[in-house]
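Here's a quick tour of a model, taken one piece at a time. Keep the viewer open as you read.

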Amino acid sequence: MSNIKVLPLLEPQVADGAAVPCCPPLTERPLSAEEAERTAAMFKALGDPVRLRLFSAIASHEGGEACVCDISDVGVSQPTVSHHLKKLKEAGLLTSERRGTWVYYRVEPSVVAALGQMLGAVG
């Protein structure tokens, strides 16, 4: 049984396969209240150093997914790792799937692409 959650970050893909971000680049127009709430939740989740390390470990792991057993060495206890992973999932940054006794986490490439597109025009 899968616990995979559909992420609300992206609209359906355009015909050429490019991801359409939930929010425009910050320099294009002011964000709506809804866009700002959704985006702030993602950045807030990534604002914790342990969560950022976990997110990075999962995103850079071979195959784009990682077993919790492979990423739990971040200097905090296992229950704290689980708490941080839950916060990343709640923010829509991760999906997970239980396989036997282990849970595997995945960063959707579209999430990273959408955040990058949003920030890409800044600077």
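## Glu35 in its helix

Glu35 sits in helix H1; helices here are DSSP runs of H or I with at least four residues, strands are E runs with at least two, and both are numbered from the N terminus. With a relative accessibility of 10%, Glu35 counts as buried (under 20% relative accessible area; exposed is over 50%, partly exposed in between, with a 1.4 Å probe and protein chains only). Its side chain gets to 2.8 Å from the backbone nitrogen of Ser32.

## A word on the model

This is a predicted model, where local features need pLDDT of at least 70 and side-chain atom pairs pLDDT 80 or more, while totals for chains, interfaces and linings use all residues. Residues count from 1 along each chain as its sequence is written, and side-chain values use heavy atoms, leaving out hydrogens and water.

## H1 against H5

H1 (residues 33-46) packs on H5 (residues 109-120) at about 105 degrees, with the axes 12 Å apart (axes are lines fitted to C-alpha atoms over the stretch in contact, and angles run from 0 to 180 degrees between N-to-C directions). That makes the two helices roughly perpendicular (65 to 115 degrees). Thr39, Met42, Phe43 and Leu46 of H1 meet Leu115, Met118 and Leu119 of H5, contact being heavy atoms within 4.5 Å.

## The sheet

Three strands form an open sheet in the order E1-E3-E2, with antiparallel pairing (strands pair if DSSP finds at least two bridges between them). The twist from one strand to the next averages 25 degrees. E2 and E3 (residues 102-106) are joined by five bridges, and Thr95 has Arg106 of E3 as its bridge partner.

Notes: Parallel < 35°, antiparallel > 145°, perpendicular 65-115°, else oblique. Polar contact = N/O pair within 3.5 Å; in protein donor to acceptor, adjacent residues only side chain to side chain.
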